[in-house]
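Trainee: Hi! Could you walk me through this protein? I'd like to learn how to read it piece by piece.

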Amino acid sequence: MISRVIEWWTVNIPPWVLIALIAHGVVMLTVAYLILLERKVASWVQDRLGPNRVGLGFGIIPIIKNWKMNGLGQPLADGLKFIVKEDYRPAGVDKILFTVAPGLMILVIVVSIAVLPWGGIRQTQRVVTVPAHTQFVTEAVQNQLAQGDQIVGNPVRIGHTDQYQVTYEYPFQIASLNIGVLFILAVLSLSVYGVVIGGWASNNKYSFLGGLRATANMISYEIPLGLAVLCIVVMYGTLDLNLLVEKQCHDWVRFIPAWNVFTQPLAFIMFLICIHAEANRAPFDVAEAEQELVGGYHTEYSAMRFALFFLGEYAGMITTSAVCVALFFGGWDFPGLRGPVGHPALSTSLIICILRAVVFYIKTLIIIFVFMWVRWTLPRFRFDQIMMLAWRALIPVSLALLMMTTVIVYVYHGNSYELLGGSMALTLLIANAVVAALVLIVSTMIPPAPATNRRLTVLGSRFNKTPLPAASPSLSN
């Protein structure tokens, strides 16, 4: 029975449907448990235990009700808490936009997951059935073939039909787009609308200020983010994430993986900084700064609408981290999982494709851990410091890096694009070091930014001159 169901599924259901169900299920489950990981990382940094009481038994399920399980039930308990809490909505809010905003945050992330290349390309076979004894058998078969499909052997006559064995390939991702990088950047840029709409619809000055800050933050850091991505795109001449990963699937000097982090470390650092800012993560979380804006754009939210904002934030971390892995760490690339020479993404084994997806997932979790490590290590920047970092540092550096990359690619390849050789990779690495050195030298020459946090003299104030404790008459007596 099970074999018949599997056979029916493989024949009648496209592979991307199953991949979509698994990918979205895993991502949404990961979003829930990233909250537990966040608390565990915070406890590790602050030298404490973190959540360790709630197990999967919730204290009521027999046999396992007393198992603590190191706090694995905490995310489920949090979700249950948000579901049963009162869904409060202030009287002065825009009722429609107030509800649309958190939903938009989640919708954007769900759409952006579609083009992530999880496991290369799988080659397999399927059966194409056409009526027998017809004049247009060849045309009937060709109409059911896609680009790259090949007929294997002769047809088999069964009753009044002919069955053809066809070898075909499909990417191990939901949707294969030749503009995958551009699609993800365009879709993720829409997430700021959820923050802005939520801040505007709340009819609260703190929420509105949080929305304005998020807009300025997004506009500022999208520029160096796009330029850092362009450095990689110029090297390979494509926006297809599948091809960008595949072109990193070889080695230099037989043991150094040809990942872009070794050729463009400066672009990687800028990309990492920018995705922190795009996700409104500390130290760039000025849109929700509790000490300044109470809670920022989500001040008036409660229950599941409040939870959706944070679920969207963590889902955005997964997507941007996955893009970072695909661009700079070879995506699913790992020794022993590459396909034949000349086409390393191709594999006839489903197990290999699944292992590739696991490798991609683990690499993504490592980048997410860096997100959390930074949050609990660095203090929040002032808003003017965030703007200065983008406009006075990241944008000029990214422009210089892009021009340098363009010149080197033209010198080595001209108008053609080939695999990145060892000599070109070394040249790019040296050029990155030169750009970094020039940045350090030039930074000592340009005038400093105006002091926005200076002390002001207030006429008539008794705090203009504060005597030292040693100079106080009461203490000297």
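Mentor: Happy to! Keep in mind that this is a predicted model. Let's begin with Cys353, which counts as buried because its relative accessibility is 0%, under the 20% cut-off.

Trainee: And what about Cys231, buried or exposed?

Mentor: Cys231 is buried, with a relative accessible area of 0%.

Trainee: How many disulfides are there in the whole structure?

Mentor: A search of the whole structure turns up zero disulfides. For background, a disulfide is a covalent bond between the sulfur atoms of two cysteines.

Trainee: Okay, let me zoom out. How many helices and strands does the protein chain have?

Mentor: The protein chain has 17 helices and six strands.

Trainee: What share of the residues counts as buried?

Mentor: Of the 477 residues in the chain, 43% count as buried. The accessible surface of the chain is about 25700 Å², and 68% of that belongs to carbon and sulfur atoms.

Trainee: New topic: salt bridges. How many are there?

Mentor: The count is nine salt bridges. In general, side chains of opposite charge can pair when their charged atoms come close.

Trainee: Which residue does Arg375 pair with?

Mentor: Arg375 forms a salt bridge with Glu38 through their side chains, at 3.5 Å from N to O. That pair links distant parts of the chain: Arg375 sits in helix α14 (residues 350–375) and Glu38 in helix α2 (residues 15–45), 337 residues apart.

Trainee: Are those two buried or exposed?

Mentor: They differ in their labels. Arg375 is partly exposed at 30% relative accessibility, whereas Glu38 is buried at 4%.

Trainee: Which residue does Asp87 meet in a salt bridge?

Mentor: Asp87 meets Arg305, with 3.0 Å from N to O between the side chains. Here too the pair links distant parts of the chain, with Asp87 in the loop between α3 (74–84) and α4 (95–112) and Arg305 in helix α13 (residues 303–328), 218 residues apart. Asp87 is partly exposed at 44% relative accessibility, while Arg305 is buried at 10%.

Trainee: And Arg281, which partner does it have?

Mentor: The side chain of Arg281 forms a salt bridge with that of Glu313, at 3.2 Å from N to O. Arg281 lies in the loop between α11 (265–278) and α12 (290–293) and Glu313 in helix α13, so this pair ties together parts that are 32 residues apart in sequence. Both Arg281 and Glu313 are buried.

Trainee: Which residues are linked in a network of salt bridges?

Mentor: Glu38, Arg281, Glu313 and Arg375 are linked that way.

Trainee: Let's stay around Glu38. What does the side chain of Trp376 do with it?

Mentor: The side chain of Trp376 makes a polar contact with the side chain of Glu38, at 2.9 Å. You'll find Trp376 in the loop between α14 and α15 (383–413), and Trp376 is partly exposed, with a relative accessible area of 29%.

Trainee: Which residues is Trp376 in contact with, apart from its sequence neighbours?

Mentor: Leaving aside neighbours within four places in sequence, Trp376 is in contact with Glu38, Val41, Ala42, Val45 and Gln46. Take Val45: Trp376 and Val45 are 331 residues apart in sequence, yet 6.8 Å apart in space, C-alpha to C-alpha.

Trainee: Last topic: how many aromatic pairs does the structure hold?

Mentor: The structure holds 17 aromatic pairs. One of them is Phe82 with Phe306, a tilted pair with 5.9 Å centre to centre and 40° between the planes. Phe82 lies in helix α3 and Phe306 in helix α13, so the pair ties together parts 224 residues apart in sequence. Phe82 is buried at 17% relative accessibility, and Phe306 is partly exposed at 22%.

Trainee: Why is the pair of Phe268 and Phe329 called edge-to-face?

Mentor: Their planes stand at 85°, over the 60 degrees needed, so the pair is edge-to-face, with ring centres 5.2 Å apart. This pair also links distant parts of the chain: Phe268 is in helix α11 and Phe329 in the loop between α13 and β6 (346–347), 61 residues apart. Phe268 is buried, with a relative accessible area of 14%.

Trainee: Which residues do ring pairs link into a cluster?

Mentor: The cluster consists of Trp259, Phe262, Phe268, Phe271, Phe328 and Phe329.

Technical notes: Residues numbered from 1 in each chain as written. Predicted model: local features only at pLDDT ≥ 70, side-chain atom pairs only at ≥ 80, totals over all residues. Heavy atoms only, no water. Helix = DSSP H or I, 4+ residues; strand = E, 2+ residues; numbered from the N terminus. Buried < 20%, exposed > 50% of the residue type's maximum accessible area, 1.4 Å probe, protein only. Areas by Shrake-Rupley, 256 points an atom, 1.4 Å probe, with all protein chains shown as cover. Salt bridge = Lys/Arg side-chain N within 4 Å of Asp/Glu carboxyl O. Disulfide = S-S within 2.5 Å. Contact = heavy atoms within 4.5 Å. Polar contact = N/O pair within 3.5 Å; in protein donor to acceptor, adjacent residues only side chain to side chain. Phe/Tyr/Trp six-rings, centres within 6.5 Å; stacked < 30°, edge-to-face > 60°.
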